[in-house]
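Reader: Could you walk me through how to read the features of a protein model?
Author: Gladly, let us open it and go feature by feature.

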Amino acid sequence: MMMQYQLNDIAAILQQPIQGQGNAVIQYLVTDSRNIVDATKSIFFAIKGPRRTGTSFIADLYQQGVRVFVIDEPIDTNEFKEGVFFAVPNTVKALQAIAAHHRTKFSIPVIGITGSNGKTIVKEWLYQLLQPDFNIVRSPRSYNSQIGVPISVWQMNEQHELGIFEVGISAKGEMQALAEVVQPTMGVFTNIGDAHNEGFASVAEKVAEKTKLFASASKIIIASDYIPFSLQTNAAIVSWGSKPQQSAGNLPPNLQLIAQYKENNSTQLVLKYQEEEFQLQVPFTDEASLQNLLTCVLVLLQLNYRISVIQQRVLQLTAVEMRMQLRRAINQSYLLNDSYSNDKISLSLALQFLKEQANQQPIIAIVSDIVDTGEPAEQLYQQVAQMLSSSGVKQLFAVGSEISNYFTQHASESFPFSIQLFANTQDVLHHLHETMFQQCYILLKGARKFAFEQLAHWLEQQVHQTIMEINLTAMVHNLKAYQSMLQPNTKLMAMVKAFGYGSGAGEVARRLQQQQVDYLTVAYADEGVTLRKAGIHLPIMVMSADEYSFDAMVNYSLEPELFSFQILNAFHQYITQQGLQQYPVHIKLNTGMNRLGFDAAEIAQLSNWLGNQQILRVKSVLSHLAASEDEKEDAFTQHQVSHFSKACTQIEAALGYGFIKHIANTAAIRRNPNWQFNMVRLGIGLYGADNVHQANLPLQTVATLKTTVAQVRALNAGETVSYNRSGVLKRNSIIATVRIGYADGYPRRMGNGVGKMYVKGSLAPTVGKICMDMCMIDVTDIPNVQPGDAVEIFGKHISIQEVAKAAETISYEIMTGISLRVKRVYIEE
């Protein structure tokens with residue numbers, strides 16, 4: 001059962017007086033205003049963000065019923081008569097202090113995991129391997145940050161027998177506070193890679209900082225092949241490796257990898273531990289999985305598990321899907337399959353994500369028993385019911401005895417959703433019919449034993465194995481990276497034209513709206529109409545306005561960009577006929593791009609015209625930089641900026657009021673803060689592509705285009721591949737046919753070795769011409785490629801910039817050229 005704290009307890013931990021009167025009991029630590037389970041038992045930490053202060057959310061939370069707040073900046077508390085406030089120097093430190101105090105209440109063993117890669121995988125596999133024997137509390141998803149770690153540890157209660165927490169840091173000085181929160185009794189160090197190198201002076205400094213997590217640990221598990229450093233610690237070092245001796249300390253590894261044999265989708269490992277040699281059949285072949293698995297095996301050996309038990313349990317391991325995936329489903333619906341984790345926090349996050357995406361469309365939740373929480377069922381499912389209610393769920397399919405019993409016992413209560421009860425997944429499958437799901441959003445949230453993958457297969461549209469994954473979490477990361485470069489009062493307009501650069505305008509726009517960008521831009525009015533129908537209420541500028549679209553723009557509150565006297569007069573006349581006044585418009589100036597816009601010679605006339613009318617309201621004046629990414633063209637860019645500034649001053653004087661001014665695009669945001677004016681337009685940078693050749697901005701990959709191998713065949717030297725016998729083989733070769741062609745948006749000019757694709761850890765060149773629906777790649781040098789293997793076209797391993805360069809084009813063309821027949825999958829990490 002989740003522990004409760006009185007306000008006096010919180011005051012003692014924070015060493016701060018209670019401001020206000022109240023008697024709330026605290027059960028929930030809240031850092032996100034959208035994630036409220038029980039407002040009356042929550043304490044909100046008003047943490048500063050990159051663009052907004054945490055205190056700006058207090059009024060909304062107070063309306064929801066939250067009464068206890070931790071703040072580190074002054075506010076007028078008189079507005080909140082029933083509110084209780086703790087004023088602290090730093091809200092993040094206060095959150096950590098409360099969690100650290102909570103951790104001291106428990107003496108159970110705790111495994112702390114850190115490293116550059118593999119933390120979440122190791123945590124989840126340890127959970128799978130140890131769960132039959134322990135009631136385990138663990139980090140939800142990838143909750144390993146300064147905020148995520150204390151939220152994770154706060155879940156500990158008296159029923160738990162083992163804790164497994166992952167911890168990540170990005171800079172020196174961050175680990176000490178998290179070490180006090182986790183206080184691990186055993187440490188796991190996965191590896192050291194390049195992640196967050198910019199936050200440390202050297203690799204040695206990074207290792208030393210991460211090692212601080214293990215101050216309370218008696219034993220540290222390491223992979224000696226991947227951590228060739230001496231750790232400054234008093235704990236015993238236990239290692240696995242493939243070399244007879246460690247480079248760190250010149251000692252043999254405790255668990256030695258002697259040999260490995262890969263076959264089909266599994267690997268046979270030959271290992272040696274305490275002079276005993278044994279074999280391990282592993283259901284994975286990639287090196288990263290094998291590395292993470294051996295780390296887990298060594299943990300189990302240190303917990304005195306018999307080798308025979310380890311051999312049996314390793315065979316049952318399943319791949320870990322660390323991301324929520326929003327996919328197209330039957331009858332114009334969407335499916336969020338989030339069976340990766342099975343706990344209250346991840347359920348709350350999934351419901352929050354669906355609520356943002358669904359807008360007014362109905363949400364159907366298929367939820368199983370939440371197993372091994374240690375909480376009384378009555379309390380647990382009461383909280384689940386509260387989450388479902390507050391998230392706008394219209395229908396619940398409850399699967400399993402515990403959740404079904406709760407809703408049976410509370411059948412007399414009035415829930416805002418209909419309820420159907422099922423004993424198991426097979427019962428659900430027998431009951432399902434396609435007519436139950438029409439233009440809705442479906443959540444699958446099930447424990448592993450319920451095998452909800454059967455439901456996912458039934459619900460998903462099985463149309464095409466070529467998909468483009470859109471990582472919405474990475475997009476938000478990129479947004480914040482650019483926002484961090486803006487002046488304090490500079491607004492941001494996000495470009496979602498061309499179907500969101502091929503990413504899906506509605507889904508992308510909903511995420512941007514949730515992040516409170518100031519404006520959206522589309523190319524044509526029908527794109528704006530689509531966004532309005534998807535529930536987007538942000539102001540939307542339409543770049544290519546024409547007389548045929550005036551009705552749609554007014555009906556859907558879209559704002560035109562006007563670039564000539566012809567279109568300006570036509571729109572003015574239309575608005576006058578409609579009897580409207582002060583309709584918002586945007587004026588486009590031509591400062592050297594020579595595409596659209598009023599020329600320099602027309603500025604005086606334009607200023608007089610605008611100043612002598614009252615029908616249109618100028619919301620912004622804009623122009624387009626022609627070469628902002630190119631340092632050699634900075635003189636021309638500065639000429640454009642100066643001309644733009646002068647024209648804006650002239651127009652502003654004629655109007656008698658101010659307006660938004662914007663000329664900076666993605667490249668200009670980075671290149672020069674003096675080009676920002678009071679709004680910038682962020683386009684391709686949102687999606688992780690940037691053509692500025694200067695200090696790296698930590699952008700993340702948003703779009704990943706992937707497909708699968710359809711067939712593999714062996715051919716002899718001299719044989720030919722594809723149309724016109726264009727691919728002539730110079731050696732005996734293994735050729736794989738993959739499910740993507742120029743109809744999907746993969747350019748024909750990428751054939752005959754120009755293009756490369758990522759398969760099983762290696763790059764494979766194209767062979768012959770690209771066909772309409774297929775193409776061929778040479779996998780001769782890649783072992784054991786099989787039909788069904790994943791193939792990356794661009795993404796994490798092949799950047800879209802690399803593909804564009806090979807195709808002699810730009811990233812924009814590649815992104816926007818991906819066919820709409822390619823299924824989009826939306827991911828939230």
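Reader: Before we start, what should I know about the model and its numbering?
Author: This is a predicted model, in which local features need pLDDT of at least 70 and side-chain atom pairs count only at pLDDT 80 or more, while totals for chains, interfaces and linings use all residues. Residues are numbered from 1 along each chain as its sequence is written, and side-chain values use heavy atoms, with hydrogens and water left out.

Reader: How do I read a sheet, and what is the strand order in the open sheet of eight strands?
Author: Strands (E, at least two residues) and helices (H or I, at least four) are DSSP runs numbered from the N terminus, and two strands pair if DSSP finds at least two bridges between them. Here the open sheet runs 29-28-27-26-25-24-23-30 with parallel pairing. Strand 29 (660-662) and strand 30 (679-682) are at the edges with a single partner strand each, so one side of each has no neighbour in the sheet. Within the sheet, strand 25 (residues 540-542) pairs with strand 26 (residues 559-562) in the parallel sense over two bridges, and M541 has E559 as its bridge partner.

Reader: Which residues of strand 35 are on its covered face, and which on the uncovered one?
Author: In a regular strand the side chains alternate between the two faces of the sheet. In strand 35 (residues 756-759), M757 and V759 make up the covered face, K756 and Y758 the uncovered one. Strand 35 pairs with strand 36 (residues 762-767) in the antiparallel sense over four bridges, and V759 has S762 as its bridge partner. The two strands form a hairpin with two residues between them, and K760 in the turn has a positive phi of about 50°.

Reader: Which residues touch the most other members of the largest nonpolar core?
Author: A nonpolar core is a set of buried Ala, Val, Leu, Ile, Met, Phe, Trp, Tyr and Cys residues joined through side-chain atoms within 4.5 Å; buried means under 20% relative accessible area (1.4 Å probe, protein chains only). The largest core has 148 residues, and L512, L520, I587 and L589 touch the most other members. Helix 20 (residues 565-577) gives the most to this core, with seven residues. Apart from it lies another core of 56 residues, including A24, M156, F200 and I345.

Reader: Is T190 buried or exposed?
Author: T190 is buried, with a relative accessible area of 1%. T190 is found in the loop between strand 10 (186-189) and helix 7 (203-211). A polar atom of its side chain lies 2.7 Å from the backbone oxygen of N117.

Reader: Now for helices: how many residues of helix 4 are buried?
Author: An α-helix has 3.6 residues a turn, so residues three or four places apart point the same way. In helix 4 (residues 119-130), twelve of the twelve residues are buried, so the helix is largely enclosed by the rest of the structure.

Reader: And which residue caps the N-terminal end of helix 15?
Author: N471 does, with a side-chain oxygen 3.0 Å from the backbone nitrogen of T473. Helix 15 (residues 472-483) has twelve residues, and nine of its twelve residues are buried, including L472, A474 and M475.

Note on methods: Buried < 20%, exposed > 50% of the residue type's maximum accessible area, 1.4 Å probe, protein only. Polar contact = N/O pair within 3.5 Å; in protein donor to acceptor, adjacent residues only side chain to side chain. Expected span 1.5 Å × (residues − 1).
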